[in-house]
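Here is a short report on one protein chain. Look at the sequence and the model first, then read on.

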Amino acid sequence: MKPFSSLDLAVSYWLMPCPRTQQRFDALSRRTQSGLRGCTLDAHITLYSDRLDDEETSMDRLGQVAKAGHPILLSPRAIEAGPLFTTSLIVRFAASGELNSWFTQLHDLSPQQLGYQLNPHLSLLYSTEAAPSRQAMAAVLPLPAPALFNRVRAVVHPLRISTANDIAAFTTLGEFTLA
């Protein structure tokens, strides 16, 4: 596998659940792996994603948004099996005013090279399993209780995400706790 160049990298800004909620999502992810093959990342909702311009600038952007942010309670709407590797098996959330505000702030502070649109979901599993298998798993999973999110994180990753190797290449730049 060839190493990534800076042109092949993106930065994503994640909204992260509190530790107790993280444990609940981790348990749900493990349950999906009992019936499907796939990989996982830390539970998160992507607030914004763009080409990586500079790691320090990316953290500064996140810090600006984190200063004004506060913990948020979000209610899951559905568990779905999406058509893409990055939406293989997800918990869907509604786009609240707070999520829209964070998206807009990060969008306005970023180079805006990818045309990212807010799509609030938390991936339980990244998988290449057939859609019917993923849909069957989505149908039997219990909808999680409302979830408290109290951290934001910046991660660097390959621009295109379509394999387990791409998932393994994610690295954390840093994280802020929302007050």
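What pattern does the protein chain follow, read along the sequence? The pattern is β-α-β-α-β-β-β-α-β-α-β-α-β. The chain has 5 helices and 8 strands. Both are DSSP runs numbered from the N terminus: helices are H or I with at least four residues, strands are E with at least two.

This is a predicted model: local features need pLDDT of at least 70, side-chain atom pairs count only at pLDDT 80 or more, and totals for chains, interfaces and linings use all residues. Residues are numbered from 1 along each chain as its sequence is written, and side-chain values use heavy atoms, with hydrogens and water left out.

**Overall numbers**

| Property of the protein chain | Value |
|---|---|
| Span of the C-alpha trace along its principal axes | about 40 × 40 × 25 Å |
| Buried share of the 179 residues | 49% |
| Positive and negative side chains | 15 and 15 |

Buried means under 20% relative accessible area (1.4 Å probe, protein chains only). Lys and Arg count as positive, Asp and Glu as negative; His and the chain ends are not counted.

**The cores**

A nonpolar core is a set of buried Ala, Val, Leu, Ile, Met, Phe, Trp, Tyr and Cys residues joined through side-chain atoms within 4.5 Å. The largest one has 40 residues, and Leu15, Phe25, Leu122 and Phe149 have the most contacts inside it. Strand β7 (residues 147-158) gives the largest share, 5 residues. Another core lies apart, with 9 residues, including Cys39 and Phe170.

Phe149 is in contact (heavy atoms within 4.5 Å) with residues including Leu15, Phe25, Leu122 and Leu178, leaving aside neighbours within four places in sequence.

How values were computed. Buried means under 20% relative accessible area, exposed over 50%, partly exposed in between (1.4 Å probe, protein chains only). The place of a charge is taken as NZ of Lys, CZ of Arg, CG of Asp or CD of Glu.
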